[in-house]
Amino acid sequence: MFDLFAPYPIIISLISILLNIIIAIAGILPSTFVTIGTVSALNLNFAIIILIIGEAAGAIISFTLYRKGLQKLSAFPRFNKLENRYLSKLKESDGAHAFFIVIFLRVLPFVPSGIVTLTAAISKLKVLPFSIASTAGKIPAIMIEAYSVVYFLTLGVEWQILVGVVILFIYLIYLTFKKSFRKSR
């Protein structure tokens, strides 16, 4: 899709930011494909800036929407039983402690952004500190992802397929162990 707009970097930038916002609101979709499209259509440095803007805007908008519309979730017992100790701490904390937990959770690659945003929205954390912490935590993750995409795109098709199969295999192993771990408890 980004190839259609290759001569128009402003349009690509706006589409990338909009897609990042939609992904952040959805809370469960990975932004990897937006990163791939943005990095492949724009130069790396400009793409990183656009991706950071998109992630920040998505975090602020989703945080605000979650806070306004989903605070009622805290009434459900299942939601109050957060299994991740950092998410539980974030829900109960405020101020600098919550700020640094958000940064930490944003840097971790396997913690879904939507869960962090939702938990922060239910916590006592305010919008501005959340926005700063979220963006500060996402910058390293975006840079690693963008540089990985650039490297991946320079590989031959055979290597790209092999990397894709290996990632899929690792993910399936992760899901298998996750299911068996839950069953054993």
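Begin by selecting Gly27, which follows H1 and has a positive phi, near 80 degrees. The model is a predicted one, in which local features need pLDDT of at least 70, side-chain atom pairs count only at pLDDT 80 or more, and totals for chains, interfaces and linings use all residues. Residues are numbered from 1 along each chain as its sequence is written, and side-chain values use heavy atoms, with hydrogens and water left out.

Next, select helix H1, residues 9–26. Helices here are DSSP runs of H or I with at least four residues, numbered from the N terminus. The expected span of a helix is 1.5 Å times one less than its number of residues.

Which residues of H1 are buried? They are Ile12, Ser13, Ile15, Ser16, Ile17, Asn20, Ile21, Ile23 and Ala24. Buried means under 20% relative accessible area, exposed over 50%, and partly exposed in between (1.4 Å probe, protein chains only). The cover over these residues includes H2 and helix H3 (44–69), where contact means heavy atoms within 4.5 Å.

Move on to Thr38, which lies in helix H2 (residues 32–41). Thr38 is buried, because its relative accessible area is 0%. Its side chain reaches the backbone oxygen of Val34 at 2.7 Å.

Finally, select Met143 in helix H8 (residues 127–154). Is Met143 buried or partly exposed? Met143 is partly exposed, because its relative accessible area is 33%.

Notes:
Helix = DSSP H or I, 4+ residues; strand = E, 2+ residues; numbered from the N terminus. Polar contact = N/O pair within 3.5 Å; in protein donor to acceptor, adjacent residues only side chain to side chain.
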